[in-house]
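Q: Please take a close look at the aromatic pairing in this protein chain. Which rings pair, how are they arranged, and where do they sit in the fold?

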Amino acid sequence: SRIELRVYPPTSGISDYSFGLALAGEYEIIISDDDTQAGKDDTAINPNGGNCLSISAVRVSEDTYPGIATWQGESGADDVLREVTEIRKVGLFHDGHLMVIGEHSPPLDVTDVALYQVEISIQLVNQQVVKFRYGM
């Protein structure tokens with residue numbers, strides 16, 4: 001038997017410029033006390049009708065973490081507690097559409113903090129990575 005190594009350029013990908021265009025627009029981070037488990041088909045952070053709070057999201061410069069898109073938001077804990085009793089889910093929304101959702105288990109209690117800060121990141125596609133295929 002023989003071993004064969006073939007190197008191919010990526011079969012799919014998106015340039016940093018295109019990714020930047022795709023990520024342009026309005027972002028918000030929404031937190032919820034909804035107790036249902038997140039599902040891959042979810043379009044809302046609170047499908048069971050839990051309470052929500054919207055926090056403005058700001059995109060962080062990629063200079064700190066090349067290849068990673070990061071959004072940050074913060075809110076006073078008093079503002080959070082007025083809307084949600086505990087934090088079970090955190091989601092990033094782009095122009096009103098759910099992009100990323102995370103769950104706290106156990107739920108996050110913010111009664112003893114002054115400021116609630118959240119950071120959500122997405123790893124970008126790297127066009128420069130060479131893909132390998134091994135054939136035998």
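**The aromatic pair**

A: Start with one partner. This is a predicted model, and in it Y27 is buried, at 10% relative accessible area. W71 is buried too, with a relative accessibility of 0%. Both values fall under the 20% cut-off for buried.

Now the pairing itself. The count for the model is one aromatic pair. Its members are Y27 and W71, with ring centres 4.8 Å apart. Their planes make an angle of 35°. Stacked would need under 30 degrees, and edge-to-face over 60, so this pair counts as tilted.

Next, the location. Y27 belongs to strand β2, which covers residues 27-32. W71 belongs to strand β5, residues 68-76.

The wider fold gives the setting. The protein chain has two helices and nine strands. From the N terminus, the order is β-α-β-β-β-β-α-β-β-β-β.

Last, burial and surface. The protein chain has 136 residues, and 26% of them count as buried. Y27 and W71 are among the buried residues. The chain exposes about 9100 Å². Carbon and sulfur atoms supply 49% of that area.

Technical notes: Residues are numbered from 1 along each chain as its sequence is written. This is a predicted model: local features need pLDDT of at least 70, side-chain atom pairs count only at pLDDT 80 or more; totals for chains, interfaces and linings use all residues. Side-chain values use heavy atoms; hydrogens and water are left out. Rings of Phe, Tyr and Trp (its six-membered ring) pair if their centres lie within 6.5 Å; planes under 30 degrees apart count as stacked, over 60 as edge-to-face and the rest as tilted. Helices (H or I, at least four residues) and strands (E, at least two) are DSSP runs, numbered from the N terminus. Buried means under 20% relative accessible area, exposed over 50%, partly exposed in between (1.4 Å probe, protein chains only). Accessible areas come from the Shrake-Rupley method with a 1.4 Å probe; for residues, only the protein chains shown count as cover.
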